[in-house]
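Here is a guided tour to follow in your viewer, one selection at a time.

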Amino acid sequence: MAAEDLPSQFDVVILGTGLTESVIAAACSRVGQSVLHLDRRNYYAGNWASFTFNGLLSWIEQYKNQQEVPITELEQVWRSLIDEGEDAVPLSALDSSISNLEVFCYASEEEEKEEEMKTPLSSFQPVNAETVSEEANGDSTEAHDTVTGDDTTASDAKTPNEEHEVSEPKEDQHTSDISEPSQSQEEKESQLSSSPADPTVEVQKKITYQKLVKEGRRFNIDLVSKLMYSRGALVDLLIKSNVSRYAEFKNIGRILTYRNGKVEQVPCSRADVFASKQLTVVEKRMLMKFLTFCLDFEQHPEEYQDYTEKPFREFLKNKKLTENLQHFILHSIAMVTQHTLTEEGLKATQHFLRCLGRYGNTPFLFPLYGLGEIPQCFCRMCAVFGGIYCLRHSVECLVVDKVSNKVKAVIDTRGQRISCSHFVVEDSYIRDEQRQSTAYRQISRAVLITDRSVLPSESDQQISMVTIPPLESSAPAVRMVELCSSSMTCMPGTYLVHLTCSSSGKAQEDLAPVISQLFHVSTIPGEEPSEGAEERSKPAVLWVMYFNMRDTSALDSSSYSLPSNVHVCTGPDDSLCSDYSIKLAESVFHHILPDEEFCPPAPNPEDIIYDGDGPQAKGPGFDESTNTEADKSLAEEEGATHEKSPSTENSEPAEMDSVTQQAPLDMTPASEE
């Protein structure tokens, strides 16, 4: 359907394709509402998007060059469509949610051919043979095989662009178009070079900027960095709605912390605690006793009632925990600040512990190909149930009835008037004059491409979550996520590192000191540290981007001067998970449709019976009554087999697919103990 042929009436018009808006679109479409979902951008997910490296460079240029169009120039287009008794509320055409964007390249600017002549072929790709072989096989959307890692799977992951983009061609630079060309000759050579028959070569090839650009489509770089708690609101919604079948996930392999000038692994599960070499025998017993208490702390109020109004840190001291244990619990398990109250700290610790073991030995999952896949999964569900999508298509103004003070229609960028009962909009489309306050919190972000892990281990295919306490009393705590190539977010031989914190100034001012502590940042592109220098043991930064992102999560409906049937969705907040956005989506949905279920389970494709299928199914071997009984019998047998299958603590995250297909019957993963 071309954008000019859009219907003139919808139940809900949604502007912006971020996570919250996409969940609302899917929920409304699922219960039979007609949904028009628009975005002025040429890609899905808004500030939740993921980009290839080349696509990110294009996005940076577009963002710097965008300009606000004066209302006077736009007014003549839509003023004629406003009737008597109606008012027009213009929307913003400029996205100001990103600021202080700065990019620095530290990789060598030399041509790649020169590097190839200097480097032996056997060191072409600094990864093991298994990684290269499986990475090459999993390079196209049509055949994503199992990738290297302790608990990684990737099979047949698709994105919604192919199914629901209405009027515009696909963008090559965005990760939503993840189909890759066939394996290149260079990749085949690198695969051969890593075969077991080759002698071990210590020389690692220097990664140049030209190499990053050439392999740019292997990157999927998120604008926002978040993880998924295995028992968090997002995972529960993915399972309940059956949307998880559109994506695949990888376990976070380890939780690290920065302490006393070095990176250490945090013992969080029972096995980790007793295997830890950082803790004494006494500390291990103290930690296990405290964590056991936290699991059901509500049953023992006498233990903490004197500290309910005191910081969690004081409660930990009162429990006679060592400085070592206090650091691990405060910063890496509860992940709270020095000033967090005791009850909140206990709840955070309890939530962390309850998420352990559901899909692995850490509480977290990460979607393959980046977080930008999740909004697209919900867009896909919306499209399956009749939602209409248009990118590069926005709304110029809202048409408001003066009597009821409600939006009755919108006028799009092509001058078409479209009636609607409700209008859902991303915060960045709202003009400052429509806000009660323009004082916002900010999030500081840094995205790095590095040449190796901050804590090398036997497996180089692990996703690591790193907690970094404030380096100074006035500095914020920093959260770091290090992604490996098997997460499908970076090329082999590199790591993609995301740093996030609450802003106290510009992103570079907040995060550059942390980066200099953990990584080697050269003064001249391509320069290596001198022999024996401490910097030589640190991973080298090849490329870095800093930016601030507006955090409007503290705002509510009273913060905007808008009609009552306009629902504003705030952007990403600074927390580790996405629970706030999911709860906001549910709240908006119930405001629109108070009597409907939020995201009920979608049927499996094989269970859908389309109109006209009855006569085609008749014939020998396809008798409807006989087939129904056979299906029931088969389902019972499969259910029995599923129940008998042994549960393992380290089961694959991709089990969510099989779990969610049975979501109406059993919401609990097979791996849960």
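Start by selecting helix H11 (residues 281-295) and helix H14 (residues 342-355), which pack at an angle of about 95° with their axes 8 Å apart. That angle makes H11 roughly perpendicular to H14, a label given to angles of 65 to 115 degrees, while those under 35 count as roughly parallel, those over 145 as roughly antiparallel and the rest as oblique. The axes are lines fitted to C-alpha atoms, for helices over the stretch in contact, and the angles run from 0 to 180 degrees between N-to-C directions. Helices (H or I, at least four residues) and strands (E, at least two) are DSSP runs, numbered from the N terminus.

Now show side chains where these two helices meet. On H11 the contact is made by Phe290, Leu291, Phe293, Cys294 and Leu295, and on H14 by Leu346, Thr349, Gln350, Leu353 and Arg354. Contact here means heavy atoms within 4.5 Å. The residues of this contact divide into seven nonpolar, two polar and one charged; Ala, Val, Leu, Ile, Met, Phe, Trp, Tyr, Cys and Pro count as nonpolar, Asp, Glu, Lys and Arg as charged, and the others, Gly among them, as polar.

Before moving on, a word on the model. It is a predicted one, in which local features need pLDDT of at least 70 and side-chain atom pairs count only at pLDDT 80 or more, while totals for chains, interfaces and linings use all residues. Residues are numbered from 1 along each chain as its sequence is written, and side-chain values use heavy atoms, with hydrogens and water left out.

Look for Ile329, Ser332 and Ile333 of H13 meeting Ala348, Thr349 and Phe352 of H14. The residues of this contact divide into four nonpolar, two polar and no charged.

Which residues does threonine 349 touch, leaving aside its neighbours within four places in sequence? Centre on threonine 349 in helix H14 and you will find Leu291, Cys294, Phe312, Ile329, Ile333 and Ala334 in contact with it. At 0% relative accessibility, threonine 349 counts as buried (buried means under 20% relative accessible area, exposed over 50%, partly exposed in between, with a 1.4 Å probe and protein chains only).

Next, pick out Trp59, Phe290, Phe312 and Phe378, which touch the most other members of the largest nonpolar core, a set of 119 residues. Such a core is a set of buried Ala, Val, Leu, Ile, Met, Phe, Trp, Tyr and Cys residues joined through side-chain atoms within 4.5 Å. Zoom in on tryptophan 59: not counting residues up to four places away in sequence, it touches Tyr43, Phe51, Ile98, Leu101, Leu223 and Met545.

Time for the charges. The structure holds 19 salt bridges, each a side-chain nitrogen of Lys or Arg within 4 Å of a carboxyl oxygen of Asp or Glu. Select lysine 402 and aspartate 87, whose side chains meet in a salt bridge (3.8 Å, N to O). This pair links distant parts of the chain, 315 residues apart: lysine 402 is in the loop between strand E13 (395-401) and strand E14 (406-412), and aspartate 87 is in strand E4 (residues 86-90). Aspartate 87 is partly exposed, with a relative accessible area of 39%.

Then go to arginine 358 and aspartate 236, a salt bridge with its closest N and O atoms 3.5 Å apart. Arginine 358 sits in the loop between H14 and strand E11 (364-367), and aspartate 236 in helix H9 (residues 233-241), 122 residues apart. Buried or partly exposed: which is arginine 358? At 5% relative accessibility, arginine 358 counts as buried, whereas aspartate 236, at 37%, counts as partly exposed.

For a last stop, select Asp39, Arg41, Asp95 and Glu426, which are linked in a network of salt bridges.
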